[in-house]
Amino acid sequence: MSYSLATSQIGNQKGSFWLRKGSKIAPYIFVSPFFIIFGVFGLFPLIFSLYLSFHYWEPAAGLAAMEWVGFENYVFALEDEWFQKSVYNTVVLALKSGIPQHAVALPLAFFIHTSFSRMRNTIIGIYFVPFITSTVAISLIFSTLFSRDFGMVNQMLTTVGNFTVADVKIFSWLFPTENIDWARPAYTKDMIAFVVFWRFVGWNTVLYLSALQTIPRDIYEAATIDGANRYQQFWHITLPLLKPMAFFAVTLTIIGNLQMFEEPFIITGGTGGIDQAGKTAAMHMYITAFVESDFGTASAISWILFMLIACLTWANNKLLGGDNQ
C-alpha cells in the first residue's frame with residue numbers, strides 16, 4: 001500500500017509539473033504563427049531591402065551576382081533628375097490633396113456632429129463609401145471621366161463652358177497632345193489630387209467625428225450659456241481638444257501621400273501622364289525595380305522615402321503632438 005501510494009504521488013507531481021510547464025508555453029505556441037508570418041513576410045524583406053540598397057544586383061543572375069557598392073545607389077538616386085522630379089510631384093500632390101482633406105473633413109465632422117443625431121451614421125456612411133471602394137475601380141472611373149475624346153468632363157465643357165467641340169477634343173488631362181496650350185502638366189496633378197481628396201476626405205471625417213463624440217457635451221452647454229456661438233465653440237473648444245486626433249490623422253495623411261502609387265499609376269496608365277507630372281516617387285521606385293531591373297537603387301529609393309516620411313512625421317509631432325506626450 002505504501003509503495004503504490006508513493007508511486008501515485010510521484011506520478012501526480014510529474015503530471016502537475018508538465019501541466020504547469022504546458023500552461024506557460026501554450027500562450028507562446030498560440031501566438032507563434034503571427035511572429036513566424038511577420039518574420040518571413042515582414043521583417044526579412046525589410047532587412048533584405050536595407051542590405052540590398054548597398055549592392056548592385058541583377059535578379060536574373062542570382063544572389064551570387066550581388067556586388068557591394070556602398071552608398072553609390074543612394075548617391076545615384078539623389079542625383080537622378082527623374083527621381084528629384086518624382087519627389088517634387090509627390091510633395092505637390094500631397095499638398096494639393098492632403099491640406100484640402102483636413103480643411104474640409106474637420107469642419108464637416110463638426111457640422112455633422114452638431115446638426116444631426118438620428119441620421120448621423122447614414123450620412124457619415126455615405127462619405128465613407130469612397131474609402132472602402134476599390135482603388136482600381138475608382139481610378140478607372142475617373143480616368144474614363146477625364147478621357148480626352150469621350151470623357152464626360154470634356155463633354156460638359158462643350159455644354160456649360162465656353163469651348164467648341166474642336167477645343168474639347170484637344171483638351172487633354174492625362175496624356176500629351178499636339179496642342180501644348182491645353183495639355184498642361186498641372187491638369188494631371190489637379191486631377192490626381194482631386195481623386196485622392198475625394199477618396200480620403202470621408203476617412204478623415206470619420207476620424208474627427210469619432211474624436212468629437214468623446215468631448216463632453218457639458219462643455220458646449222456651458223459655452224452656450226456664456227454666450228459663445230458655434231464658431232467660437234469650434235475655435236476655442238473643438239480645435240484644442242481635437243489636437244491628438246489631428247496629429248494622428250495628419251500623420252496617416254503624410255505616410256499615405258508620400259507612398260502614393262495606385263491612383264497615379266492607374267490613371268496615367270503607368271506612364272506618369274503629361275511631362276511625367278503624375279509620376280510619384282513610389283512609381284519611380286517601381287519602374288526602377290521591375291522595368292529597369294535595378295533593385296539596388298530601388299531599395300535605396302525606398303529607404304530615402306522612409307527617412308523623408310520619418311522627418312516629416314517628426315516635424316508633425318513637434319507641431320501637433322508636442323503637448324500630448
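## A guided tour of the predicted model

Select residues 191-212: this span is 100% helix and 0% strand, with end C-alpha atoms 31 Å apart. Helices here are DSSP runs of H or I of at least four residues, strands are runs of E of at least two, and both are numbered from the N terminus. The model is predicted, with local features requiring pLDDT of at least 70 and side-chain atom pairs counted only at pLDDT 80 or more, while totals for chains, interfaces and linings use all residues. Residues are numbered from 1 along each chain as its sequence is written, and side-chain values use heavy atoms, leaving out hydrogens and water.

**Confidence**

Colour the model by pLDDT, the predictor's confidence in each residue from 0 to 100. The mean for the protein is 82, and 81% of its residues reach 70 or more. Where pLDDT is low, the predicted coordinates should not be read in detail.

**Annotated spans**

Next, select residues 28-52, 91-112, 124-146, 191-212, 233-255 and 295-315, which an unreviewed UniProt entry lists as "transmembrane region". Such annotations may be inferred rather than shown by experiment. Within this set, residues 91-112 are 100% helix and 0% strand, and their end C-alpha atoms lie 31 Å apart.

**The largest nonpolar core**

Show the side chains of I112, Y208, L212, Y220 and L242, which have the most contacts inside the largest nonpolar core, a set of 25 residues. Such a core consists of buried Ala, Val, Leu, Ile, Met, Phe, Trp, Tyr and Cys residues joined through side-chain atoms within 4.5 Å. Buried means under 20% relative accessible area, exposed over 50%, and partly exposed in between (1.4 Å probe, protein chains only). At least two residues of this core come from each of α3, α4 (120-132), α8 (185-212), α9 (217-225), α10 (230-241) and α11. Helix α8 provides the largest share, seven residues.

Move to S49, M285, A298, S302 and W303, the closest to the centre of the largest pocket among its 20 lining residues. This pocket holds about 550 Å³ of space. On a 1 Å grid over the protein atoms alone, a pocket is an open set of points where a 1.4 Å probe fits, with protein on both sides within 12 Å along at least five of seven lines; lining residues have an atom within 4 Å of a point. Helices α1 (2-52), α13 (281-290) and α14 (295-321) each supply at least two lining residues, and α14 gives the most, with nine. The lining has 16 nonpolar, four polar and no charged residues.

For the second largest pocket, of about 440 Å³, select L95, I99, V250, T253 and I254, which lie nearest its centre among 18 lining residues. Two or more lining residues come from each of α3 (81-115), α11 (243-258) and α14. This lining divides into 13 nonpolar, five polar and no charged residues.

Return to α13, where seven of the 10 residues are buried; A281, M283 and H284 are among them. Select A289 in this helix, which counts as buried because its relative accessibility is 6%.

Finish at S293, in the loop between α13 and α14. This residue has a positive phi of about 60° although it is not a glycine, and S293 counts as partly exposed because its relative accessibility is 36%.

Notes: Points joined across faces, edges and corners; volume = space filled by probe spheres on them. Nonpolar A, V, L, I, M, F, W, Y, C, P; charged D, E, K, R; others polar.
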